[in-house]
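Reader: I have a structure open and would like to learn how to read it feature by feature. Could you walk me through it?

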Amino acid sequence: MRLLALLAVLALAVTGCSGSDAARPGVLSAGLREPATLLPADVADSAGRLVTGALWTPLADYDAATGKLTPRAAESIESTDRVHWTVKLRPAAFHDGTPVTAQSYVDTWRAIAASQWAAAPVLTKLLRAREITASTPDTITLVLDRPSGQVPALLSAPGLVPLPASVLASHDWKGFAAAPVGNGPYRLDGAWRPGSGGTLKRVGSGQAEEIELRVGDPTAQYDAVKAGTLDLATEVPGEKHDAMHGDFDDGHHATWALPRAGYLAFPVANPRFADATVRHGFALGVDRAALEAGPLAHQVDPAKALLPPADTPGERSGTCRPCSFDAAAGKALLQQAAFPGGATVYFGPSTEAWTRTLVVGLHKSLDVSVTAQPLSGPPDGPSTLDVSLATASPYELLSTLAAESGYTDEVFRQNLALADAAATPEEAGELYRLAENQLLRDLPVAPLWSGHGHAVWAPRVHDVLTTPFTGPVLAGIGVS
């Protein structure tokens with residue numbers, strides 16, 4: 001009996017779950033991986049975004065498909081000329097009781113740019129403000145270096161949330177990430193416990209009074225939700241992907257688009273890849289379904305367009321031609337272009353596993369010698385990209401893809417600049433579509449896949465909504 005009791009305790013420790021905790025009234029138990037950091041401006045992983053999305057309230061929410069802006073911490077984000085922008089703040093306080101002011105944002109953004117955290121390019125490369133000031137305690141004033149209608153989308157980036165004056169003065173970023181203080185609907189009760197998790201207490205408009213965040217293995221967490229010892233699993237591992245639909249009713253699982261996508265970038269200045277026919281041949285030789293079912297473990301969708309769903313303005317249907325798998329057509333295009341054969345595909349640390357599968361598939365489908373090597377300098381062949389987005393603005397991704405491939409077409413550059421300057425989301429969407437279509441025609445990069453997230457939850461859980469940048473919105477989830 002003593003041995004059985006010990007084994008039961010060990011099993012609960014492995015899953016990070018307990019049956020009594022899962023059923024506590026008003027308490028939501030949620031499983032997640034260990035976040036890489038809880039410093040919001042440096043978060044790039046789904047677990048980190050899930051937690052910081054509850055601890056902080058962004059200035060606004062921006063829907064890439066519709067261009068709709070929903071003010072949150074901001075009362076309004078407005079401009080009359082798209083150069084001078086004014087952000088009016090709602091009254092708010094940090095969890096330590098100090099006020100959130102316009103100066104909080106100004107000082108935080110300076111720290112982000114100086115520290116070169118993950119959100120820094122939003123300020124330095126995309127927003128490009130000549131001046132950012134706190135004109136009044138509740139008003140941020142921005143003066144850009146050119147007209148831009150993308151400011152609402154950029155300022156909605158989850159990494160641009162404010163930090164309290166105490167950490168801005170101390171610069172103790174590591175200590176702050178261990179016990180973050182935000183302005184959101186939940187506060188962290190005590191410090192984050194690496195390998196274990198943390199407890200969120202409601203201080204704002206959240207539904208659950210308390211949220212127990214439990215770090216653990218996604219497979220064990222999935223099984224715990226099935227067993228009734230965990231309310232919500234925020235990741236579904238690949239081996240459970242097919243079973244999910246049978247294990248949980250339609251109202252108890254969800255899939256959502258992530259701000260992440262994979263590409264094959266060609267060095268367009270290299271004579272061997274200067275012909276777009278060659279690039280299209282390689283694109284048609286990629287078996288994207290094999291990547292999705294193999295090394296990417298059902299955590300992605302095969303690409304249907306250049307822009308992933310999390311970053312796409314307007315409605316889309318169908319599959320772009322360079323997104324298709326057509327080995328015979330790909331081989332014929334390489335023969336038409338008199339491609340001499342032989343190519344090295346380069347990879348970084350985050351793309352090695354699926355690059356090696358990609359290379360084997362290209363060799364088989366195109367009947368040319370293709371090898372894989374780690375990237376250590378300027379590539380003389382295609383390279384794989386795993387792009388994580390910081391904003392919902394297509395400008396970020398399109399400019400990144402052009403830069404990665406060395407694509408410098410003037411018409412593309414002009415369309416991108418016009419989209420940035422457009423007065424309305426509708427006008428910008430049309431111009432982004434032109435720029436996207438040009439990239440699909442010239443194909444300096446071939447779209448391969450777009451990321452998605454999965455979650456499953458118990459019958460007592462309700463009102464689970466998801467967004468690309470937070471996944472399940474913890475503040476909106478109720479428990480009965």
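Predicted model: local features only at pLDDT ≥ 70, side-chain atom pairs only at ≥ 80, totals over all residues.

Reader: Let's start with a sheet. What is the strand order in the open sheet of 4 strands?

Author: Some terms to begin with: helices (H or I, at least four residues) and strands (E, at least two) are DSSP runs, numbered from the N terminus. Two strands pair if DSSP finds at least two bridges between them. Here the order is β4-β5-β7-β6, and the pairing is antiparallel. At the edges sit β4 (74-79) and β6 (129-136), each of which pairs on one side only. From one strand to the next, the twist averages 15°.

Reader: How many bridges join β6 to β7, and what packs on the sheet?

Author: β6 and β7 (residues 139-144) run antiparallel and are joined by 6 bridges. Within that pair, I132 stands opposite L142 of β7. Helix α4 (residues 102-115) packs on the sheet and touches β5 (84-89), β6 and β7. A contact is counted when heavy atoms are within 4.5 Å. The direction of α4 makes about 155° with that of β6; axes are lines fitted to C-alpha atoms, for helices over the stretch in contact, and angles run from 0 to 180 degrees between N-to-C directions.

Reader: How do I read burial along a strand, say β10?

Author: Take relative accessible area: buried is under 20%, exposed is over 50%, and partly exposed is in between (1.4 Å probe, protein chains only). In β10 (residues 210-215), 6 of the 6 residues are buried, so the strand is largely enclosed by the rest of the structure. One side carries E210, E212 and R214, and the other I211, L213 and V215.

Reader: Which strands pair with β10?

Author: β1 (residues 27-32) pairs with β10 in the parallel sense over 6 bridges, and L28 has I211 as its bridge partner. β9 (residues 197-202) runs antiparallel to β10, with 5 bridges; there K201 is partnered by E210.

Reader: And a helix?

Author: An α-helix has 3.6 residues a turn, so residues three or four places apart point the same way. Helix α9 (residues 218-227) is mostly covered, with 7 of its 10 residues buried; among them are P218, Y222 and V225. At its start, a side-chain oxygen of D217 comes to within 3.1 Å of the backbone nitrogen of T219. After α9 comes G228, with a positive phi near 85°.

Reader: Which residues have the most contacts inside the largest nonpolar core?

Author: A nonpolar core is a set of buried Ala, Val, Leu, Ile, Met, Phe, Trp, Tyr and Cys residues joined through side-chain atoms within 4.5 Å. The largest one has 101 residues, and W109, L155 and L474 have the most contacts inside it. Beyond its neighbours within four places in sequence, L474 is in contact with residues including L28, I211 and L213. A second, separate core has 27 residues, F282 and W449 among them.

Reader: How many disulfides does the search find?

Author: A disulfide is a pair of cysteine sulfur atoms within 2.5 Å. The search of the whole structure gives 1: C320 and C323, with sulfur atoms 1.9 Å apart. The torsion about their S-S bond is about 75°, so the disulfide is right-handed. C320 counts as buried at 12% relative accessibility, as does C323 at 6%.

Reader: Is Q438 buried or exposed?

Author: Q438 lies in helix α17 (residues 425-442) and is buried, at 6% relative accessibility. A polar contact is a pair of N or O atoms within 3.5 Å; within protein, one must be able to donate a hydrogen and the other to accept it, and residues adjacent in sequence count only if both atoms are side-chain atoms.

Reader: Where does P468 lie?

Author: P468 is in the loop between β19 (466-467) and β20 (471-472). P468 is partly exposed, at 29% relative accessible area. Leaving aside neighbours within four places in sequence, P468 is in contact with W256, A257, L258, P259 and A310.

Definitions and conventions
Residues numbered from 1 in each chain as written. Heavy atoms only, no water.
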